[in-house]
Structure formats: C-alpha cells, structure tokens
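Trainee: I am new to this one. Can we go through it step by step?

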Amino acid sequence: MRHKLLFLSLALLTGCASASRSQIQRPANSSLADAMITQRGVLTVLGRQFTLNGYLSISATGGKRLIITENFGGVLADVLIKPDGTVHVMRSSRAFKPKWIRRYIAADLECLFGNNLKTDCPGQMLSPTHFLISRRWYKLDLQIVETKPGPQPATMFDESKAGNP
Amino acid sequence: MKNWLTILFCVLATSVHADETNRNLQPVADPRPILADLQHKMASLESVYFEFAQERQLQLFAEPLKSEGVMLIDRPGQIRWETTSPYQSILLGNQKSVAQFEKTDGQWKKLKLGFPQMLKRVMDQMTLMHQGKLDALTSDFNISVATGRVAVVTMVPKDENVRSMLSSLEVIFQPDFSASKEVVMHEPGGDFTRIIFRQEKRNVKFPANTFDQTKPLDVAAIKTAIGDAP
C-alpha cells in the first residue's frame, strides 16, 4: 500500500502529470536563421505576476543567446545555447539562479525557438507571436513584440566571453 | 535598486528635451546652493507630463535596446509610468497602492503584482521629493555638480551593494538648471541606460481616471486632453 501511494505520488509529480497537458505545437520550419527578437513576458509564480523583457539573438551557426531583464533594464538572466544543445549560463541573479536558468529558461527557449521539436513543452501557441508556457511551478505568457532579421555579432555566441557582473 | 529607482523617478520630475554632445564641463566647488535651488523648483511643481525615449546600451549588442513611453506625475504623489513601444505596459502608483497593467492581444489586463511593496516604496519617496524634501539624496548618494554647455549632477551611491548595480547616475540639465534633458544610469561593467526627454508639459490638469488603478484612461485620451497645455 505504502509503495503504491509512493508510486502514485511520483507519477503525479513527474511524467503522468505533464504528459496529459497540451503541448506547444510549432509549425514546421518555423525556426529563424539569424535574427534579434524582442519579447515581453508575464511570469506567474504562486499566483503572483512579474513582467520581463527578453532579448534573443539567434544565429544559424552560433546558437541562441537570451538576455532577460526586469522592467527598468536590470539583467536577471543571460544564457547561451550552442547549436549542439549545450547550455552556458552567462549571467544569473537572485531572481534566477543558474540551476533555474539551465532547467527552465533554456528548456523553454528550446521549446519555442529550438531547431528540433521538443517533447516536454507544456503550453499553447496562441498565435505565431504569442505563447503560453504552463509548467507546474510557473506560467509564462510570452509575446514576440519585435523581430529584426539579420546576422548577429559573433561575440554573442562565444561562451568564453561572459556578460558583465 | 530601490534607491536609484527612486532617484530616477524624482529627477524626472524636472525634465525637458534636447541633444548636446560638447559639454565643456567645470566642476562646481560647492553644489549646495544649486541643490537648494533645485529643491525649490521641485517643490513648486504641481504636475508634469513628458514623453521619453529609453536606450539601454549593453556591450554585447551592436545597437541600443530602445523603448518609448510617457511619465505623468501629479500631486499628491500620483505617478504613471507607461511604456508605449515596443510593448505596452502601465505602472501606476499613489500614496496607498500600486498597480500594473499589460496589454495582451489588444486587451489591458491588470497584474497581481509580485513585489508591490518595492514599487510602493518608490512612490512614497517620490511624494517626499515632490514636496521638495531632498534629504534622501544626500543620505544615499555622494553628489557632485559640474557646469558648462549643460549642467550635470552626478550621484554616486554610498551603499556598496547599490554601487555593485549602479556605479553612478547622471542627470543632465539645461545650463540654468531649469529642467533636465536626460538621465544616464551607468553600471559597473560599462553598460548604461539613457533616458532622453522629448516633451514636457508642466502644471497640467490631467483628465479623470488618468491614475485610476482599476481602469486607467487610455494614453491617447490623456494626450488629447492636455494637448493645449504649455
């Protein structure tokens, strides 16, 4: 009995709970090659909401670099995902610890802008520029507010050049 | 963070517009008379409206990250900071509470703010500053003044923790200190944020619901209402 309860709890807390949720379905060939994308997000955690700005640089050869700031410009997170999928946390903050950036921000970034379709992307694509990510610990309502196609500086995608402290 | 946001809000209350690169600055030996004069000017201000362009310069990016908006301040202690581009967001505060609205799919939605006390603190201190009480400035910042083709008040945070995020804050005024032209916030790593003032209207009468925290009046209606103000 005790083992069954434990199993049930684990199942609910892990795979079973998320498998039943809707997944973000991106259209095929929706990935951008080279661009700078400005995002505005509302993060809901424990019923409380926080607004965030995201600045995403995408390079077909370099990878993806996302810088997240608060309302007045302070950098909360900075992460680089190389084309091979390796994640480099370039800058973290008290709001976003390296572990969270790696586990959630990088994962959500891959869900929305990754080259390969991911399976664990709970949420909805409300429009081509509006996404709702619904994970157990948080919800993220994310809108793309500006897209500037074009090559991005190579230094953006150099993991040896961390951001400013 | 709270302190320099407060200062930012406060200095914006005496704003204006323009562009000038050659400052030709000379340091002022005793800035106290100038600060006292500033205090006098701020104390007499009933309300202010301005439009701003904000440029966030991160070394990683070739171009600054730009946004635009409006800021409105009215006695007693009412404030509205609205970003109009590239997204739309409204921050509202008064002596009792704060609120934030985001526009999503054409609809304004009121947020359940995560840390309302932080914004509330900013608004409370803003009220004090609006009444001309600049004591907080000298207790939190080392202040120096330089004059030339423009006048610059430089504030360096005394608190080491604050200084780790904000190395200095410059407020660039008209040479006669009648109004400020821009604010520049310098960070330790070389990144900075510049807020440039494009428009200013002083002592205007804002229409009803400008600062309403349930359904704030649309900014277009506000602009129309105060359009004829000097």
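Mentor: Start with the sheet. Chain B has an open sheet of 12 strands with antiparallel pairing, in the order β1-β8-β9-β10-β11-β12-β2-β3-β4-β5-β6-β7. Strands pair if DSSP finds at least two bridges between them. Helices (H or I, at least four residues) and strands (E, at least two) are DSSP runs, numbered from the N terminus.

Trainee: Which strands of chain B stand at the edges?

Mentor: An edge strand here has a single partner strand, so one side is left without a neighbour in the sheet. The two in chain B are β1 (26-27) and β7 (107-110).

Trainee: What should I know about the model and its numbering?

Mentor: This is a predicted model, where local features need pLDDT of at least 70, side-chain atom pairs count only at pLDDT 80 or more, and totals for chains, interfaces and linings use all residues. Residues are numbered from 1 along each chain as its sequence is written, while chains are lettered from A and ligands numbered from 1 in the order in which they are written.

Trainee: What percentage of the residues in chain B is buried?

Mentor: A residue is buried if 20 or more other C-beta atoms lie within 10 Å of its own, exposed if 12 or fewer, and partly exposed in between; C-beta atoms are placed from the backbone. Chain B has 230 residues. The buried part is 37%.

Trainee: Which residue in β4(B) is the bridge partner of Glu68(B)?

Mentor: β3(B) and β4(B) run antiparallel, joined by seven bridges. In β4(B), the partner of Glu68(B) is Ser85(B).

Trainee: Which residue is joined to Arg75(B) by a cis peptide bond?

Mentor: Omega is about 0° for this bond. Look in the loop between β3 (65-74) and β4 (78-85) of chain B. The residue is Pro76(B).

Trainee: Is Asn203(B) buried or partly exposed?

Mentor: Asn203(B) lies in the loop between β12 (192-202) and α6 (219-225) of chain B. Its phi is positive, about 50°, although Asn203(B) is not a glycine. Because it has 13 C-beta neighbours inside 10 Å, Asn203(B) counts as partly exposed.
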